[in-house]
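Subject: Structure for you, with notes on one helix pair

Hi,

Here's the structure I promised to send over. Have a look at it first, then read on for what I found.

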Amino acid sequence: MTDAASDIPSGKTSSFGFRDVDAKEKVQMVRGVFDSVASRYDLMNDLMSGGVHRLWKDAAAAKLNPRPGETILDVAGGTGDMAQRYAKMARAAQARRGEPGASNPDASVIVLDYNAEMIMAGVQKGGEPEMSWSVGDAMALPLPDTSVDAYSISFGIRNVADIPQALGEARRVLKPGGRFLCLEFSRPTASAIRKAYDAWSFHAIPPIGGLIAGDRDSYQYLVESIRRFPDQKTFKSMIEAAGFSGVAVTNLSGGVAAIHHGWAI
Ligand SMILES: C[S@@+](CC[C@H](N)C(=O)[O-])C[C@H]1O[C@@H](n2cnc3c(N)ncnc32)[C@H](O)[C@@H]1O
């Protein structure tokens, strides 16, 4: 796997939860978090969100609109939740077009994650025939320029040590006209939602993480990392600065999560 951490300039800092740490160090720290939680990751997502993360992922997959014959890259793909949706949706669209064949080809969905433990948990869960798995870094994608039709990253970008670098890589690998989509926790738009969400995040999630995944600290990091992530407007500007066009935001559950999507033109 390409080690993008070695390309991060010395002295650059990045947030690790509420702390600022050396960006190179963050890469190893985040790896440790997901090594630790990998085997209970899917169960924890359901417990933390009451299953709502599935609806957010459905909405994001529908927005990406996977089609037969496309190469779709799901970065920080973890256990393959998004990729499974893309593969099934592209296959359903293929079936609507008629017999699969040269003029109606299969999609290819690549799950890329820098954490082999998460990939292994996904492989054990089982995938779809269109899916392939790859260990790699969002900041140094092991793919040629203009090689994918759609790029997605779901609940991954806030963990990346150098977000502009990862967005630049997304822009590089997308074909002209390719789609970019990011699903991430964001800022609730109403203060009542914000208060309830804060109470749940800080008082319930770390103890549940301690009980179920045996790792309270990792879930404390995840909660803090959500608060440190830029709000909808700021993140939209970052995507535009990476060279994407037509960037738009769709809030989910009152802004608890948001989909940012745009085009590589
Ligand atoms: C919260 S999980 C999200 C997994 C999956 N996308 C989902 O929505 O369920 C975050 C994932 O990002 C991965 N990750 C963090 N930094 C990464 C990087 N620089 N490159 C690739 N994957 C990264 C972690 O290993 C982890 O699997």
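A quick term before the findings: I call a residue buried when its relative accessible area is under 20%, and exposed when that is over 50%. Also bear in mind that this is a predicted model.

Let's start with helix α10, residues 232-241. Its buried residues are Q232, F235 and I239. Around the helix axis they cover an arc of only 70°, so they sit on the same side of α10.

What do the buried residues of α10 pack against? Their partners are α6, β7 (174-185), β8 (245-252) and β9 (257-264).

The α6 partner is the one I looked at in detail. Helix α6 spans residues 163-173, and its axis comes within 9 Å of the α10 axis, crossing at roughly 50°. The two helices are therefore oblique to each other, and the crossing is right-handed. On the α6 side, the contact is made by I163, P164 and L167, while α10 contributes F235, M238 and I239. By type, the contact residues come out as 6 nonpolar, with no polar and no charged ones.

Cheers

Note on methods
Residues numbered from 1 in each chain as written. Predicted model: local features only at pLDDT ≥ 70, side-chain atom pairs only at ≥ 80, totals over all residues. Heavy atoms only, no water. Axes fitted to C-alpha atoms, helices over the stretch in contact; angles between N-to-C directions. Helix = DSSP H or I, 4+ residues; strand = E, 2+ residues; numbered from the N terminus. Parallel < 35°, antiparallel > 145°, perpendicular 65-115°, else oblique. Left-handed = near helix turned anticlockwise from the far one by under 90°. Contact = heavy atoms within 4.5 Å. Nonpolar A, V, L, I, M, F, W, Y, C, P; charged D, E, K, R; others polar. Buried < 20%, exposed > 50% of the residue type's maximum accessible area, 1.4 Å probe, protein only. Arc of directions from axis to C-beta.
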